[in-house]
Amino acid sequence: MNESQIQLALEASNVGLWQLDLGTQQFLATEHWKQVYGLSPDAPVTFERFLSMIHPDDRERFEAVNTRAHADPTISYDVQFRIIQPDGSVRWVISRLQYLVDVPNQSGLMIGSALDITEVKKAQEQVVEILEGRNHC
């Protein structure tokens with residue numbers, strides 16, 4: 001697969017990608033990742049900004065997964081959480097995290113993906129409401 005085919009597959013899947021260099025703390029994100037987070041394509045991003053956009057009620061869950069991923073870089077971890085976009089809207093995201101390190105506790109990369117699952121979450125909520133309505137009849 002060449003670079004343009006990979007780019008096309010990423011665009012078709014609506015997945016945004018990011019990486020954090022653990023040594024320099026440089027955070028890089030694709031345009032689609034920025035779109036998921038409600039940012040303009042040229043918006044500067046940092047890992048701190050990324051973390052600040054996670055809904056306060058979901059930060060502990062994200063940090064727990066991040067800690068597990070750091071402890072075992074041989075496994076990737078999925079986590080679902082809400083984000084608050086700059087315009088104040090709340091979206092649901094599923095993200096996969098993995099650390100890539102050569103030597104434990106040495107410099108490496110943390111990589112991740114982001115997929116907006118807001119519509120899926122809304123559909124799940126509707127199903128729950130319908131089922132709860134049936135149980136109250």
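A salt bridge is a side-chain nitrogen of Lys or Arg within 4 Å of a carboxyl oxygen of Asp or Glu. The model is predicted, so local features need pLDDT of at least 70, side-chain atom pairs count only at pLDDT 80 or more, and totals for chains, interfaces and linings use all residues. Residues are numbered from 1 along each chain as its sequence is written, and side-chain values use heavy atoms, with hydrogens and water left out.

**Exercise 1. Salt bridges**

Task: Which residue does Arg 91 meet in a salt bridge? Find where the two residues sit.

Solution: 
- Step 1. The side chain of Arg 91 meets that of Asp 116, at 2.9 Å from N to O.
- Step 2. The pair links distant parts of the chain: Arg 91 is in strand S4 and Asp 116 in strand S5, 25 residues apart. Helices (H or I, at least four residues) and strands (E, at least two) are DSSP runs, numbered from the N terminus.
- Step 3. Check exposure. Buried means under 20% relative accessible area, exposed over 50%, and partly exposed in between (1.4 Å probe, protein chains only). Arg 91 has 23% and is partly exposed. Asp 116 has 27% and is also partly exposed.
- Step 4. Take another pair. Lys 122 and Glu 119 meet in a salt bridge at 3.7 Å, N to O. They are three residues apart in helix H5 (residues 118-135), so about one helical turn separates them.
- Step 5. Count. The structure holds five salt bridges.

**Exercise 2. Helix H4**

Task: What span should the 13 residues of helix H4 have?

Solution: 
- Step 1. The expected span is 1.5 Å times one less than the number of residues. For H4 (residues 59-71) this gives 18 Å, and the end C-alpha atoms are 18 Å apart, which agrees.

**Exercise 3. The core**

Task: How many residues does the largest nonpolar core have? Find which element gives the most to it.

Solution: 
- Step 1. A nonpolar core is a set of buried Ala, Val, Leu, Ile, Met, Phe, Trp, Tyr and Cys residues joined through side-chain atoms within 4.5 Å.
- Step 2. The largest one has 25 residues; among those with the most contacts inside it are Trp 18, Phe 27 and Phe 81.
- Step 3. S3 gives the most to this core, with four residues.
- Step 4. Look at Trp 18. Contact means heavy atoms within 4.5 Å. Leaving aside neighbours within four places in sequence, Trp 18 is in contact with residues including Phe 27, Trp 33, Phe 50 and Leu 97.

**Exercise 4. A lysine in helix H2**

Task: Is Lys 34 buried or exposed? Find the nearest side chain of opposite charge.

Solution: 
- Step 1. Lys 34 is found in helix H2.
- Step 2. Lys 34 is buried, yet has no salt bridge.
- Step 3. Lys and Arg count as positive and Asp and Glu as negative; His and the chain ends are not counted. The nearest side chain of opposite charge is Asp 42, 6.8 Å away.
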